[in-house]
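Here are my notes on this model. Please read them with the coordinates open.

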Amino acid sequence: MKDLQPQPPVVEENLAHPPDSPILQIEDLTVAYGRQVVLQEVSLSLGSQQLVGLIGPNGAGKSTLIKAILGMVSFQGQVQVGGASVARNRQLLSYVPQKEEVRWDFPVTVGDVVMMGRYRRLGWLRWPGRADRQVVEKVLEQVGMAEFKNRQISELSGGQQQRVFVARALAQEGQIMLLDEPLTGIDTTSQEIIMRLLLQLRDEGKLILMATHDLRAAAEMCDACVMLNRRLIAFGPPATVFQPQILGATFGNKVLTIGGMDMEGRAATTMVLE
C-alpha cells in the first residue's frame with residue numbers, strides 16, 4: 001500500500017465521562033479499496049456514556065470507519081466491541097446509515113421499517129411478539145413519529161424519514177450507536193429532536209459515535225471529537241481539538257477559523273469550506 005503523509009501527533013485529553021473500561025477498541029485499523037488506502041493505522045479506545053463526534057472532510061474515511069466497526073468492510077487491524085469481536089457482540093451495535101444509502105421508494109410502512117430493528121434479536125424463525133411491538137411504539141414516540149406508524153416511508157419528509165431510521169436503530173437496543181451524518185439535509189425540528197435524544201441516550205450510558213460536518217453542533221454537544229483524515233489527527237474534547245493547527249491538519253485549506261474558541265469552548269467562528 002502507498003504510505004500516507006505524516007500527520008501531527010495525536011492529542012488526547014481526559015473526557016467528560018471517563019470510562020471504567022472501553023466498550024469499543026480499535027487498534028491499527030487500515031482499510032484499502034483496491035490500491036487506494038482509505039484509512040491507515042487508526043487506533044481508538046472509547047468508553048460508555050459518551051457522545052463522540054467523528055469529524056473530517058469528505059473522503060476522510062468517516063463512513064469507512066463506521067462500516068469497519070460494523071464489519072461491513074474488510075480491514076487490517078483489530079476491532080473489539082465489549083471486549084470481543086464484532087461477530088460475537090454484534091447485538092451491542094445500532095446503526096443509522098447516510099440518507100443517500102437508503103431506498104426511500106421501497107413500499108413499506110414506518111412501523112415495518114422500525115420493526116426491522118428487532119429482527120436481529122428475533123432471529124429468522126420467530127415472529128415479532130407483543131414485547132417487540134411495544135418497543136416499536138416506544139421508540140416511535142421518542143422520535144415524535146408515533147402518529148405516522150402506518151404511513152408509507154416514501155410519503156414522509158427527509159427529516160421525518162431520518163427520525164424513522166433513528167427509531168429503527170433504537171429498536172436494535174445496542175449499547176453503541178453509530179450514526180453516519182444524521183443531521184445532514186434535514187429540517188431544524190428533526191435535528192433538534194435527534195440531538196436531544198442522543199444526549200439522553202448518552203446520559204443513560206450508551207456510547208454514541210456520530211459522523212458530522214456540523215462543527216457548531218459538535219462543539220456544543222460532544223464530549224469528545226475524533227479528528228480524521230485517513231489517519232487519526234487528534235482525539236479529545238472540542239475545546240482542545242478545535243484549534244487552528246488541528247483543524248488545518250484535518251481539513252487542509254478548506255477550513256477558516258476567525259477568533260478561535262469562545263469562553264465555553266464553542267467553535268462559533270469556525271467554517272469548513274466544502
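1. The β-α-β unit. β7, helix α6 (residues 188–203) and β8 make a right-handed β-α-β unit. Right-handed here means that, with the strands pointing away from the viewer, the path from the first strand over the helix to the second runs clockwise. Helices (H or I, at least four residues) and strands (E, at least two) are DSSP runs, numbered from the N terminus.

2. Provenance. This is a predicted model, in which local features need pLDDT of at least 70, side-chain atom pairs count only at pLDDT 80 or more, and totals for chains, interfaces and linings use all residues. Residues are numbered from 1 along each chain as its sequence is written, and side-chain values use heavy atoms, with hydrogens and water left out.

3. Neighbours of β8. Strand β7 (residues 176–180) runs parallel to β8, joined by five bridges. Two strands count as paired if DSSP finds at least two bridges between them. L179 stands opposite M210 in β8. Strand β3 (residues 50–55) also pairs with β8 in the parallel sense, over five bridges. There, M210 is the bridge partner of G53.

4. The antiparallel sheet. Four strands form an open sheet in the order β2-β1-β4-β5, with antiparallel pairing. The edge strands, each pairing on one side only, are β2 (36–47) and β5 (84–85). Strand β1 (residues 22–33) meets strand β4 (residues 76–81) through five bridges. I26 stands opposite V79 in β4.

5. Helix α1. Helix α1 (residues 62–70) lies across β1, β2 and β4, at about 115° to β1. Axes are lines fitted to C-alpha atoms, for helices over the stretch in contact (heavy atoms within 4.5 Å); angles run from 0 to 180 degrees between N-to-C directions. Nine of the nine residues in α1 are buried, including K62 and K67. G71 follows α1, with a positive phi near 80°.

6. Cores. A nonpolar core is a set of buried Ala, Val, Leu, Ile, Met, Phe, Trp, Tyr and Cys residues joined through side-chain atoms within 4.5 Å. The largest has 53 residues, of which M177, L198, M227 and F242 touch the most other members. Helix α5 (residues 158–171) gives the most to this core, with seven residues. Apart from it lies another core of 33 residues, among them V31, V42, V52 and L93.

Terms used. Buried means under 20% relative accessible area, exposed over 50%, partly exposed in between (1.4 Å probe, protein chains only).
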